[in-house]
Structure formats: structure tokens, C-alpha cells
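Please keep the sequence and the structure in view while reading.

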Amino acid sequence: MKNNLTGWKSIFQFTLIQNLKSKSIKITTLIMCLIAMAVLPVVTLIDGEDEKAKESTSITKVYVVDNSGWNLTEDLSVLKANTYYESGLYTDVEYIDRTEDVLSKAAEYVRNGQEPDFEKIYTFDKEDSGIYLEINQMDGNINVSLMYSKDTKVSKSDVEDYNGFIQKHFEEVLLKNQKVSKEALDIIHSYQEVEFYDELNPDGFSGQENKEENKRDAYWLVYGIAMVILFMLAFGGERIAMSIIVEKSSKIMEYLMTSVKPMAVVVGKVLASLLLLVLQFAAIFASLGISVVIAGFMNSEGTFRMPSAVSGMFNSGSLSSVTPVNLVLAFLVLVAGFLLYGMLAALAGAAVSKMEEISEGVKIYSFIMIIGAYLSIFVISTGSYTGESFVKYLACFLPVSAPFITPGTLLSAHLPVVYGLLVLGILLISLVLLTKFVSGVYESMIYYNGSALKIKDIIQISKQNRQQAAGNSTDGKEEK
């Protein structure tokens, strides 16, 4: 292996320098960084325009009907406080309790054996600018409904805006009227971990399956990681295949083969391409950080305030399951997965001898990547990653799908560390075997100038290489 890898550093340095000098790569990276840098400020600007566009509202009164039986709206002063984004848009709205009036009218219809006539129960004054806010409790959930009449002075757009205001701030009403502090609510919503210990095991056993986690946050964590990995592999795979094909078609490698083994060439080029991919995405994420800073200062106070989308992500309950052990293990699985797919992309390039057939070669890589990604997405979308299903472990242990789902399941504590170590071992073994396979195909295809090979042809070449290697080994022993 040592002789086969001799010279890989030279190939690595040469490929990396050539890629860094490429104008197309520089322009692509710059464009992606500018987009990442602008995304949060643009979203903040759009939200700010939506929030500040309305300086007045046709709603002057809100008739409150509390059917919950919990007296949830005894105090509605928080909805009039001048502390929200509306900048006092609803501070002058008058809240009028009509609960008893509505309930008494409805009860009268029931006593008379009639169906309630809601048009007569919920009455609107045509000269007034009022709407109804009705609160109901159904199956343990609080449901808030708004009703208005088009025959009044209230416009539909104003009701829609007020509906958004209520959706954002009605929890404040419930907290105030139930005398629950914001701090207490944060504790209630915080991540809770429940463990059990097996009495038969003196050392105790932490039951991963009994951890009560925030499933929604864990889902987005696992799904988000899978999507980022898919995007990176799709973005970098074709570049690796192209790099292999360019040098083969230009016959550069015919001169290098006398001093550098095929395995060293493949390893050097794959590592250089993957490092460049990591550098590109590091620049993009750094641009996102700048975007966060810019968006944080885009407020009326002029002081930095973390955008809600970012603060919500860092407050996610699923992040509390991240430990140094599963973080390092997830990173190693990710690196091994990237190297594995880098070799698959090199295989796609090795199977092609002409630049015009690049699409045919990339089909092999894309086909394998799609199988792995879709299997992982299926497991994530169905929620199987949280249980002990066969398909979950198939996706986690299968080398082509493991890079997409295993890092997320490790970080969300839905996959034990022991299993993560097994996945890492499988990926490393697969990587070593695939590297030997690709280098053999690459060496056999140096002088090949035909059509793009199919998978069965590649496998046949590998068999011939093994037979030839076995024959050479036998001849060497006979000479001795």
C-alpha cells in the first residue's frame, strides 16, 4: 500500500493549486457566497416591509367570546402593549367581553329546541368597526377564531393582518391570564431526558429508546444534515469525475504512470477535490455568518439582535443531545462518507475516456447517490429513524446511505455510539476496497478510447485485474 501511494502528495498539491486558480471555481464560489450573505438581510427586509407597511387599521373594537370555561382573557392588556413589531398599530383597539351575551343567546335556542342562528347570535353594527374573537377548547387545545362581516367598515385585509398578530402574540395572553411566567414556560418547553437502568446489569444501561426528545427539532436536525450532505456531494461529485477524465483524455497520465501508481493518482485527486469542496462550503457558511450579523443589526434600535430563525435553531431541544463523543463520531462518519463518494465519482470518471461522454460516466455516480439519499430521506420522513426498525438500520449501515443519515441520528441520540462505531468501520473497509478497485479500473482504462463502460464491464475489468495480479504473483514465486 505504501508503494502504491507514493507520490499522492504531489498529485494532491498540483490538483488543488490548479483548481484554486480556476476562474470558473472562483466565480461560482463568489456568487454562492454573495447569495448566502444576502439571504437573511433580504428576508429580514421583506418581513420588515410587511410589518411596517400598515400604519393604520380599520379595526377599532374586538368582541371577545371565551367559550373555553377557563377565563383565559380576563386581561388583554398585553395585546395593547406598544412592544411588538406593529409599533402601536393595535394599541387603541377596544376589547369588549361578550361571552355572557353570546352564551345566553345560544342557550335560549337550545331551550327552545332550535338550532342556533349564528347570524343573530354574533351581531355586527354596520356603523361600527368591530370583529369577534372567539376562544374554544377542543381536545385539550386552544382554538382562536376571528369573525367579521363584509357589511361593516372592517376590511378583509385588516382582519388578515390582525389574525397574524394574534397568532404571534396570543400565547402572551394565556401566560398572563394563567399567571405563568415566561421563565417557567421556557423550563416546561426545555429538553427532558428520561433514562432507565437495567437491574440485571450492575453498571446500569442507558435506554436510548426511552429518551423523550423534541421530535420536531430532531427531525429538522437529521433532515437538514442529510440535505446539506446531498447538496455537497452532488456539487462536488461531477468535479471529481471531470478532473479524472480531463487528464485521461489529455494523455498526461501516460507520462506520470512511470513514476506514480494509479492509486496515488486517484487518492491525490479525490482528496484535493474534496478539500476544495470543504473550503468552498466553509466560505459559504462564513458568508451566512456575516448574513446573520447584518440581519441582526437591521432593527429600529440599531443594536445587534439575533434573527429569530437563527435563535430558534440554537434553542432547539435536539441540540442538547449532542455530546463530544457523538459529535466526533458523526464527523468521522461524515469524512469517511465523503471519501467513499469521492472514490465513486473517481470511478465514474475512470469509466469514461472521452470528454463528450462525461454525462454517461456521471450516471453511475448519480444513480448510487440517489439510491442512498432517497433511502435516507424515506427513513427520515416516515419517522423510522427514531425507532428500532429494520429499514432504519439498513439505511444507517449501508455504505451508500450511511453518510446521509448516520451523522444526524448520532447527533440526535437516535443511534447508539456503539452502532456508530460499527458504521464507521464498515465505511472505512468499504473505502479501502473501493480505492483498490478504482485504481485498478483506472490503470486498465488509461489507454482505453472506446465508449463509456457499463457497471458490468467495470466489474469484468476488476476480475481480470485480480486474475492478472494472481498470475504475476505465481510467476514471481516460480522464478524464486
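1. Basis. This is a predicted model, in which local features need pLDDT of at least 70 and side-chain atom pairs count only at pLDDT 80 or more, while totals for chains, interfaces and linings use all residues. Residues are numbered from 1 along each chain as its sequence is written, and side-chain values use heavy atoms, with hydrogens and water left out.

2. Helices α11 and α15. Helix α11 (residues 324–350) packs with helix α15 (residues 417–444) at an angle of about 20 degrees, their axes lying 9 Å apart. Helices (H or I, at least four residues) and strands (E, at least two) are DSSP runs, numbered from the N terminus. Axes are lines fitted to C-alpha atoms, for helices over the stretch in contact, and angles run from 0 to 180 degrees between N-to-C directions. The two helices, α11 and α15, are therefore roughly parallel (angles under 35 degrees). The contact of α11 with α15 involves 24 nonpolar residues, four polar and no charged; here Ala, Val, Leu, Ile, Met, Phe, Trp, Tyr, Cys and Pro count as nonpolar, Asp, Glu, Lys and Arg as charged, and the others, Gly among them, as polar.

3. Ala348. This residue has its place in helix α11. Ala348 counts as buried, at 0% relative accessibility (buried means under 20% relative accessible area, with a 1.4 Å probe and protein chains only). Ala348 and Tyr365 are 17 residues apart in sequence, and their C-alpha atoms are 6.0 Å apart in space.

4. Asp158. Helix α5 (residues 156–177) contains Asp158, which counts as buried at 7% relative accessibility. The side chains of Asp158 and Ser155 are joined by a polar contact of 3.0 Å; such a contact is a pair of N or O atoms within 3.5 Å, one able to donate a hydrogen and the other to accept it.

5. Helix α14. In helix α14 (residues 402–411), 10 of the 10 residues are buried, so this helix is largely enclosed by the rest of the structure. Among them are Pro403, Phe404 and Pro407. Just after α14, Ala413 takes a positive phi of about 65 degrees.

6. Strand β1. Five of the six residues of strand β1 (residues 61–66) are buried, so β1 is largely enclosed by the rest of the structure. Strand β1 pairs in the parallel sense with strand β2 (residues 94–97) over four bridges, where pairing requires at least two bridges found by DSSP. Lys61 has Glu94 of β2 as its bridge partner. Strand β1 also pairs in the parallel sense with strand β3 (residues 130–138), over six bridges, and Tyr63 stands opposite Tyr132 in β3.

Conventions
Angles under 35 degrees count as roughly parallel, over 145 as roughly antiparallel, 65 to 115 as roughly perpendicular and the rest as oblique. Buried means under 20% relative accessible area, exposed over 50%, partly exposed in between (1.4 Å probe, protein chains only).
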